[in-house]
There are 2 protein chains.
Amino acid sequence: MGCHVAVVGATGAVGQEFIRVLEQRRFPCTDITFLASARSAGKPITFGGKQYAIKELGEGSFAGVDLALFSAGASVSRQFAPLAVKAGAVVVDNSSAFRMDPNTPLVVPEVNPEDVRWHKGIIANPNCSTIIMVVPVYPLHRVNSVRRLVASTYQAASGAGYQAMLELERQAREVLDGLPVTRKVFPHQIAFNLFSHNSRIAENGYNEEENKMVNETRKMFHDDRIAITATCVRVPVLRAHSESLNLTFERPMSEAEVREILSRAPGVRIVDDRERNYHPMPLDATGGDDVLVGRIRQDISQPDGRGIDMFISGDQLRKGAALNAVQIAELLIR
Amino acid sequence: MGCHVAVVGATGAVGQEFIRVLEQRRFPCTDITFLASARSAGKPITFGGKQYAIKELGEGSFAGVDLALFSAGASVSRQFAPLAVKAGAVVVDNSSAFRMDPNTPLVVPEVNPEDVRWHKGIIANPNCSTIIMVVPVYPLHRVNSVRRLVASTYQAASGAGYQAMLELERQAREVLDGLPVTRKVFPHQIAFNLFSHNSRIAENGYNEEENKMVNETRKMFHDDRIAITATCVRVPVLRAHSESLNLTFERPMSEAEVREILSRAPGVRIVDDRERNYHPMPLDATGGDDVLVGRIRQDISQPDGRGIDMFISGDQLRKGAALNAVQIAELLIR
């Protein structure tokens, strides 16, 4: 069994990663169409050893398409995903457009694969920071409910797209060469600096990224009781996100139990060598599929034994975006 | 009134900052002696428009010295601080050697200035991450006791010394030029990467930096009930530390009350513009005296209103080290 796949936003950082992930996982494509804006139309893309030309995204782009992987921003998804569905495709959407829509499942295959079943044409891929967090948190939550979670993120430039990664490199060189630092993508200098996540701050004082981590986690866990606070920060790293997580469980939870559960959790790799002081690093997470988990320890600020601290890193472009979307597609064709 | 000051570790990153801070604050020196290892002896230092030659630190270095500012590591402090005291000097020690000694006061002037009174010759300067945290936390704690604090740090290279700052710059250039990345100071690549703080991990699973934040805060607050957990992370920033703080107070604490208290707290500057998404950044904290505080918001994970989140940045070499030590010295001569 195979299908005709369309990649929408093929030239972006996530779009490019879609291509690599589909190739590496030998996704059963019978045909593939690469779609992007008019600006990129005609440009060549190599996939599976064959050359393709990028086509301009338009209303008629989805004829014959079975599966459309969208990663071109929320407004493109809002406009074109319903057209793709009307043309008979199933959409896996990497944007925020449909994530909190009650009629759209939001899925991380390691967490709630069963939710793909009730889709009505669109399945939403969660926010990158949320995905990377829930992969190690959910297996613990299944055994002993997480009652409260305090997250602080260390987010890479890639989350703001390919141009943001280039901006980090360009600015780093400008700083090293003593030149004036130029800004095009981020509101503040990212090289040798960091700043509160560049998304709009909502009524409740949280920025959009933080509210996504709270709301999307609850939706996927089907548990509105889990209390979450997050502080999202952009750091001068190219493409993997890290997160410092402080968890409070319903019942006491030992460090040993956490290690035991995570050692057999899908999509998780424990990197926690106290002797060598070797723990998750974005550089080690880059290009890999697993979320790295380390610094697992009993939280000394919760003497009732219900607290656990950990530090995680995961590739924002892979598990945080393209890989998770392709895994959703694999669930669909299974 | 003036005094003869000795700066021990004059060539280090903190030592160099001592010189700038003493000059800028017109510290009343009648004489000044710069001490360092044999390797640096004879090198020139300009201070207050005059040239000085660095002298080699030795047993007889403290004759006639009234105030000795130490920043040459814990083993140098352990060996030479008692000799300086014996010679009649008061020592302000930036190392960890005496911080938890019950006979040595540990002081941040905005927190516990009264503790300088009972010194027995040595006053300890706290760890940089601790100082930067307690400056905004203590004024809140005085009004409404902090019961629990979850801290995640974003620590600059400067905390590991001047060579570490050079390593970050050198590695950044190596990465940009596609060259192999060389390591001399840090155990892992710091450029475009981050890692769990490079201090030894203790029995309880926390690294030394994290345990310092817990224990030193309790000592200065004279409050062992305050429950603290910290995750310390080194990031590719040159010289200011940032921290994501989640606080739980004894009683409900409103965002407005926090702003009101911090707006008149010494050593604190509120940088919290939600409209422009402008918040504390290490680049803005660099070279300044204040701890910048922003992202002040009610913690939505604590529906009883007892939780506050905030994000702070402070210059590690100034308030985190040299400035705080000189402020202690100013308390002494007052």
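## Where the two chains meet

The contact between the chains draws on 60 residues of chain B and 60 residues of chain A, where contact means heavy atoms within 4.5 Å. This is a predicted model, in which local features need pLDDT of at least 70 and side-chain atom pairs count only at pLDDT 80 or more, while totals for chains, interfaces and linings use all residues. Residues are numbered from 1 along each chain as its sequence is written, chains are lettered from A and ligands numbered from 1 in the order in which they are written, and side-chain values use heavy atoms, with hydrogens and water left out.

Together, chain B and chain A bury about 5100 Å², and 56% of that is on carbon and sulfur atoms. Buried area here is the accessible area (1.4 Å probe) that two parts lose on being put together, summed over both.

## How the copies are arranged

## Charges and polar pairs across the interface

Between chain B and chain A there are eight salt bridges, each one a side-chain nitrogen of Lys or Arg within 4 Å of a carboxyl oxygen of Asp or Glu. In one of them, Arg148(A) pairs with Asp299(B), with the closest N and O atoms 2.8 Å apart. On the side of chain B that touches chain A, the residues split into 25 nonpolar, 23 polar and twelve charged. Nonpolar covers Ala, Val, Leu, Ile, Met, Phe, Trp, Tyr, Cys and Pro, charged covers Asp, Glu, Lys and Arg, and the others, Gly among them, are polar.

Another bridge links Glu210(B) to Arg297(A) at 3.8 Å, N to O. Glu210(B) sits in helix 5 (residues 208-221) of chain B and Arg297(A) in strand 15 (residues 291-298) of chain A, so this pair joins two chains. Helices (H or I, at least four residues) and strands (E, at least two) are DSSP runs, numbered from the N terminus. Both Glu210(B) and Arg297(A) are buried; buried means under 20% relative accessible area, exposed over 50%, and partly exposed in between (1.4 Å probe, protein chains only).

## Salt bridges within chain A

Over all chains the salt bridge count is 52. Take Arg170(A) and Glu167(A), whose side chains meet at 3.1 Å, N to O. They share helix 4 (residues 162-176) of chain A and are three residues apart, about one turn of the helix. Arg170(A) is partly exposed at 24% relative accessibility, whereas Glu167(A) is buried at 0%.

Arg200(A) also bridges to Glu208(A), with the closest N and O atoms 3.3 Å apart. Here Arg200(A) is exposed at 56% and Glu208(A) is partly exposed at 33%.

## A closer look at Ser152(A)

Ser152(A) is in strand 9 (residues 146-154) of chain A and is buried, with a relative accessible area of 3%. Leaving aside neighbours within four places in sequence, its contacts include Thr231(A) and Ser242(A) in its own chain, plus Ser152(B), Tyr154(B) and Ser244(B) from chain B.

The side chains of Ser152(A) and Ser244(B) are joined by a polar contact of 2.7 Å. A polar contact is a pair of N or O atoms within 3.5 Å; within protein, one must be able to donate a hydrogen and the other to accept it, and residues adjacent in sequence count only if both atoms are side-chain atoms.
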